[in-house]
Amino acid sequence: MSSDVTAVKQLFTRLVSSLGRETATRELKWMKQALQSPSHSPTLPAMLQRRLSGEPLQYILGTTPFGPLDLLTRPPTLIPRPETEDWTIRLADMLTPTPLRPLTVLDLCTGTGCIPLLLCHLWPPGSTRAYGVDISQDAIRLAADNAARCNIPSSQPSSLTPYSQNVFIPVLGDLRDPDVFKSLLPPFDIITANPPYIPKREYDELPASVKNYEDPAALLGDLPDSEEQDGLSFYRLISQLLRQKGMLRDGSIVALEVGRAQADAVEGILQQLAGLRNTQVWKDPWNVKRVVLARA
C-alpha cells in the first residue's frame, strides 16, 4: 500500500511537470472518481503511467461527457470533442419533433454514436428514429454499448406503428455502398456527419496522443486512392449520397462538421455536387467555422 502511495506521488509530480499543477490535479481527481466504478480495474499508478505515456485521458477514464450524457470511450474509436457537442445541442434546439411528427435521423461516420444519441436524449420520447453508420466494427460495438448505457433502444421497431421511445440503430456499412442506405427506410429528415477531414500533411503534424491512439481512418480525410488529397474526399462522397433520389425529404436538414478553413470549400461541394443551394455556416465557441448546414 505504501509503495502505491509513493508511486502515485512520484507519478503525480511528473504529471504536474508535463501538464501544469491545475490540470494535473483535476485529472488526478477524475482518475480517483473513475476508480470508484465497479467495472474499472486499473490501479491509480497504472492510470497515471498511461497518462504520462501520452494516452488520452478519456481512454484512461473509459468515459467522456457529451452534453448531459456520459459516454463510453474505447480506443481506437474517435473521442467526442466539445465542438461537436456544441453544434449538436444547437441543432437539437432548432427543431421540435413530436411523436405525432417524428423525425428520422441518419448519422454518417457515427463513431461512439454521440451525435444521434444526444439528439435522442434531448428530443421527446417517441419523436426520433436515428441510424448511425460506420465502417468500423469497433465503433459500431461502442455505439451499441453507448445506446444501452443511455437507455436508448437499439432495435428496429415496426415501421407501421408509432413508437413510444426514441430509437438509435448502429449499422455497419461503407459510405461507398448505396445498398446500405436503401435498407434504412429513407428518406431522412436529418443527415449529420462528423467525417474524417484532416489532410495527410496536417495529420503528420498531430500530437502523438492523437496519432498513436485514435483510429487514423476516423481522422484522415482522404482515401488512399482519392485523386484529391485535400481532406475533403468524404464530403464529396456524402454529397453524391445526398444527391441520390429518395435520400432527402423536402425541407430536410444536412449538418456536416468541418475542419479549420474547410467550411467555404464544403459549402461549395454541397451546392455543386449535392445540389443543395440553401446553405449556411455555423461557428463554434472558439470562433472557428465548424459546421456547414444545408436545407433540401
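**View 1. Lining of the largest pocket.** By class, 16 nonpolar, 11 polar and 10 charged residues make up the lining of the largest pocket (nonpolar: Ala, Val, Leu, Ile, Met, Phe, Trp, Tyr, Cys and Pro; charged: Asp, Glu, Lys and Arg; polar: the others, Gly among them). This is a predicted model, where local features need pLDDT of at least 70 and side-chain atom pairs pLDDT 80 or more, while totals for chains, interfaces and linings use all residues. Residues are numbered from 1 along each chain as its sequence is written, and side-chain values use heavy atoms, without hydrogens and water. α2 (21-34) gives the largest share of this lining, six residues (helices are DSSP runs of H or I, at least four residues, and strands of E, at least two, numbered from the N terminus).

**View 2. Helices α5 and α6.** Here the axes of α5 (residues 82-94) and α6 (residues 114-122) come within 10 Å and cross at roughly 40 degrees (axes are lines fitted to C-alpha atoms, for helices over the stretch in contact, with angles from 0 to 180 degrees between N-to-C directions). That makes α5 oblique to α6 (angles under 35 degrees count as roughly parallel, over 145 as roughly antiparallel, 65 to 115 as roughly perpendicular and the rest as oblique). Look for Trp 87 and Leu 91, among the α5 residues that meet α6 residues including Leu 118 and Leu 122 (contact means heavy atoms within 4.5 Å).

**View 3. Lining of the second largest pocket.** In this lining you will find 22 nonpolar, 10 polar and eight charged residues.
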